[in-house]
Amino acid sequence: MRSATAVLTLVAAATGSLAGQTIEGVWKPVEVVVDSGPVRGRHTTDVQPGLLVFTKRHYSMMFVQGFAPRPVPGDSATAEQVARLFIPFTANAGTYQRTDSTVTFTPMVAKHPAVQAGGPFTLKIRVKGDTLWGRGAPGTSGGQTWTWVRVERR
C-alpha cells in the first residue's frame with residue numbers, strides 16, 4: 001500500500017510540474033517556420049536575434065523580424081535609410097497573464113505607438129522544459145510557428 005501511494009504521489013507531482021511549467025526566465029529564438037510566401041519554410045541558421053524576458057508578472061520582448069541581418073548604417077545614412085533598419089525591430093514591455101496555454105500581454109511601453117496604445121494581445125504557447133513554442137508572434141503575420149529556448153532561469 002505504501003509503495004502504491006508513493007508511486008501515485010510521484011506521478012501526480014510529475015504531471016503537475018509538467019502542466020504548470022513556468023515561463024519565467026530569459027528566452028532566445030532558435031527556429032521559425034513560415035507557412036507561405038517568399039520566405040516559406042523552416043528557418044534555423046538565419047533566425048535573427050531576440051530576447052523574451054518573463055519575471056513573475058512582467059515581460060520584455062525585443063527581436064528582429066525577418067531572416068536577413070540588418071546592415072550597420074554609415075555615418076552619412078539618411079533618415080529614410082535608418083528608418084528602414086528600425087522597422088523590423090520589435091520592442092515592447094509590460095505585464096502579462098498566463099492561463100494554461102494562453103499568454104495575454106499588456107504593453108506599457110513599446111517602440112511603436114500603436115502597440116503601446118493598442119491594448120492587450122494574446123498568444124497560444126506550449127512549454128516543455130526549456131523550450132517554448134508559439135503560433136504567430138507580435139508584429140508578424142499569423143502564418144508562423146516559432147521556437148524559443150530558455151537561456152536563463154529566473
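Me: Helices (H or I, at least four residues) and strands (E, at least two) are DSSP runs, numbered from the N terminus; with that in mind, in which strand does Ile125 lie?

Reply: Ile125 lies in strand S7. Before going further, note that this is a predicted model, in which local features need pLDDT of at least 70 and side-chain atom pairs count only at pLDDT 80 or more, whereas totals for chains, interfaces and linings use all residues. Residues are numbered from 1 along each chain as its sequence is written, and side-chain values use heavy atoms, with hydrogens and water left out.

Me: How many helices and strands does the protein have, and what pattern does it follow along the sequence?

Reply: There are three helices and nine strands in the protein, and, read along the sequence, they follow the pattern α-β-β-β-β-α-β-β-α-β-β-β.

Me: Which residues does Ile125 touch?

Reply: A contact means heavy atoms within 4.5 Å. Leaving aside residues up to four places away in sequence, Ile125 touches Ile23, Arg98, Ser101, Val103, Leu132, Trp133, Gly134 and Trp146. Of these, Arg98 is 27 residues from Ile125 along the chain, and their C-alpha atoms are separated by 9.6 Å. For the protein, residues 24 or more positions apart account for 49% of the contacts with a separation of 6 or more.

Me: Which strands pair with S7, and over how many bridges?

Reply: Two strands pair if DSSP finds at least two bridges between them. Strand S6 (residues 102-110) runs antiparallel to S7 and is joined to it by four bridges, with Thr102 having Lys124 as its bridge partner in S7. Strand S8 (residues 131-135) also pairs with S7 in the antiparallel sense over four bridges, and here Arg126 has Trp133 as its bridge partner in S8. S7 and S8 form a hairpin with two residues between them, and Gly129 in the turn has a positive phi of about 60°.

Me: How many bridges pair S3 with S4, and S4 with S5?

Reply: S3 and S4 pair in the antiparallel sense over five bridges, and a hairpin joins them through three residues. S4 and S5 are also antiparallel, over seven bridges. Ser60 can be followed across these pairings, being the bridge partner of Val53 in S4 and having Ala93 as its own bridge partner in S5.

Me: How many aromatic pairs does a search of the whole structure find?

Reply: A pair of aromatic rings is described by the distance of the centres and the angle of the planes. Rings of Phe, Tyr and Trp (its six-membered ring) pair if their centres lie within 6.5 Å; planes under 30 degrees apart count as stacked, over 60 as edge-to-face and the rest as tilted. The search finds seven aromatic pairs. In one of them, the rings of Phe54 and Tyr96 have centres 4.8 Å apart and planes at 70°, so the pair is edge-to-face. Phe54 lies in strand S3 (residues 50-54) and Tyr96 in strand S5 (residues 89-99), so the pair ties together parts that are 42 residues apart in sequence. Both Phe54 and Tyr96 are buried. Tyr59 and Phe105 form another edge-to-face pair, at 4.8 Å centre to centre and 80° between the planes. Because Tyr59 lies in strand S4 (residues 58-64) and Phe105 in strand S6, this pair ties together parts that are 46 residues apart in sequence. Tyr59 and Phe105 are both buried. Phe54, Tyr59, Tyr96, Phe105 and Phe121 form one aromatic cluster.

Me: Which residue lies over the face of Trp133?

Reply: A charge sits over a ring if NZ of Lys or CZ of Arg is within 6 Å of the ring centre and within 35 degrees of the ring normal. Arg126 lies over the face of Trp133, at 3.9 Å from the ring centre, and Trp133 is also the bridge partner of Arg126 in S8. Lys111 lies over the face of Phe86, at 4.7 Å from the ring centre.

Note on methods. Buried < 20%, exposed > 50% of the residue type's maximum accessible area, 1.4 Å probe, protein only.
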